[in-house]
Amino acid sequence: MKKVVLIMIMAVLGTFSSNAQIQKVDQEVFGMDCAPCAYGLERGLKKMDGLQNVRVSLNDGKAYLELSKNNSLSLRQIQEEVKKNGFSAKQAEVVIEGKLINKNSGYELETGTETYSIVTGASDDLNSKLKAGTVKLKGIVQDEEDGNLSGHWKIKLTEIL
């Protein structure tokens with residue numbers, strides 16, 4: 001009986017972890033000032049496992065990333081790759097699916113590899129519509145200093161998907 005319960009728990013957790021992930025990132029990149037710079041960053045990002053589509057725009061100063069289904073990438077890994085290529089990663093617009101939990105009179109979204117604290121502000125109306133459980137969100141992740149990437153982010157919601 002204990003084995004059956006353990007198998008059921010592992011199946012539920014396995015299902016959650018395969019759905020909890022970043023799905024899209026529009027990452028602002030500081031320091032790109034020429035086409036070879038943008039091309040080099042794009043090549044570096046394309047080497048990462050879990051990316052389905054990568055486009056770096058010198059004009060926009062952004063890297064546009066679509067992640068493959070069931071990827072295990074974190075925003076921290078993406079921003080570290082940007083830094084490794086000689087640039088600074090700034091704020092990012094992301095689409096994330098994960099487990100939303102009510103914590104300290106606020107909400108946090110957990111993906112298994114990272115935690116995103118929902119911050120209040122212009123999206124207070126969206127915040128009031130949040131409910132604990134599995135959810136897919138779109139928002140702006142606030143900039144962190146490149147040397148202080150912790151895997152715990154602050155996100156301002158722009159949409160509940």
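# Briefing: fold, confidence and polar pairs

From the N terminus on, the elements of the protein chain run α-β-α-β-β-α-β-β-β-α-β-β. That comes to four helices and eight strands. Helices (H or I, at least four residues) and strands (E, at least two) are DSSP runs, numbered from the N terminus. This is a predicted model, in which local features need pLDDT of at least 70 and side-chain atom pairs count only at pLDDT 80 or more, while totals for chains, interfaces and linings use all residues. Residues are numbered from 1 along each chain as its sequence is written, and side-chain values use heavy atoms, with hydrogens and water left out.

**Confidence**

- The mean pLDDT (the predictor's confidence in each residue, from 0 to 100) of the protein chain is 86.
- A pLDDT of 70 or more is reached by 86% of the residues.
- Confidence is lowest in helix H1 (residues 2–19), with a mean of 45.
- Confidence is highest in strand E3, at 98.
- Over residues 4–18, pLDDT stays under 50. For this stretch the model has five contacts (heavy atoms within 4.5 Å) beyond four places in sequence.

**Whole-chain totals**

- The protein chain has 161 residues, of which 42% are buried. Buried means under 20% relative accessible area, exposed over 50%, and partly exposed in between (1.4 Å probe, protein chains only).
- The chain exposes about 9,200 Å². Carbon and sulfur atoms supply 50% of that area. Accessible areas come from the Shrake-Rupley method with a 1.4 Å probe; for residues, only the protein chains shown count as cover.
- Take the contacts between residues at least 6 apart in sequence: 66% of them join residues at least 24 apart.

**Salt bridges**

- The count comes to six salt bridges. The rule asks for a side-chain nitrogen of Lys or Arg within 4 Å of a carboxyl oxygen of Asp or Glu.
- Lys46 and Glu42 form one of them, at 3.3 Å from N to O. The two residues sit four apart in helix H2 (residues 35–46), so about one helical turn separates them. Glu42 is buried, at 17% relative accessible area.
- Glu80 pairs with Arg76 in a salt bridge, with the closest N and O atoms 3.0 Å apart. Both lie in helix H3, four residues apart, so about one helical turn lies between them. Glu80 is partly exposed at 35% relative accessibility, and Arg76 is partly exposed at 33%.
- Lys103 and Glu108 meet in a salt bridge at 3.8 Å, N to O. Lys103 is partly exposed, at 39% relative accessibility. Glu108 is buried, at 11%.

**Around Glu114 and Arg76**

- Glu114 lies in the loop between E5 and E6. Glu114 is buried yet has no salt bridge.
- The nearest side chain of opposite charge to Glu114 is Arg76, 6.6 Å away. For charge, Lys and Arg count as positive and Asp and Glu as negative; His and the chain ends are not counted.
- A polar atom of the Glu114 side chain lies 3.0 Å from the backbone nitrogen of Arg76.
- The side chains of Glu114 and Tyr116 make a polar contact at 2.7 Å. A polar contact is a pair of N or O atoms within 3.5 Å; within protein, one must be able to donate a hydrogen and the other to accept it, and residues adjacent in sequence count only if both atoms are side-chain atoms.
- Beyond four places in sequence, the contacts of Glu114 include Ile22, Ser74, Leu109 and Trp153.
- Arg76 and Leu149 are 73 residues apart in sequence but 6.2 Å apart in space, C-alpha to C-alpha.
- Beyond four places in sequence, Arg76 is in contact with residues including Leu149, Ser150 and Gly151.

**Ser117**

- Ser117 is placed in strand E6 (residues 115–118) and is buried at 15% relative accessibility.
- The Ser117 side chain makes a polar contact with the side chain of His152, at 2.8 Å.
- Contacts of Ser117 beyond four places in sequence include Tyr107, Glu108 and Lys154.

- Asn70 has a phi near 60°. Asn70 lies in the loop between strand E3 (62–67) and helix H3 (75–84) and is partly exposed, at 47% relative accessible area.
- Asn104 has a positive phi of about 50°. Asn104 sits in the loop between strand E4 (88–103) and strand E5 (106–110). Asn104 is exposed, at 72% relative accessibility.
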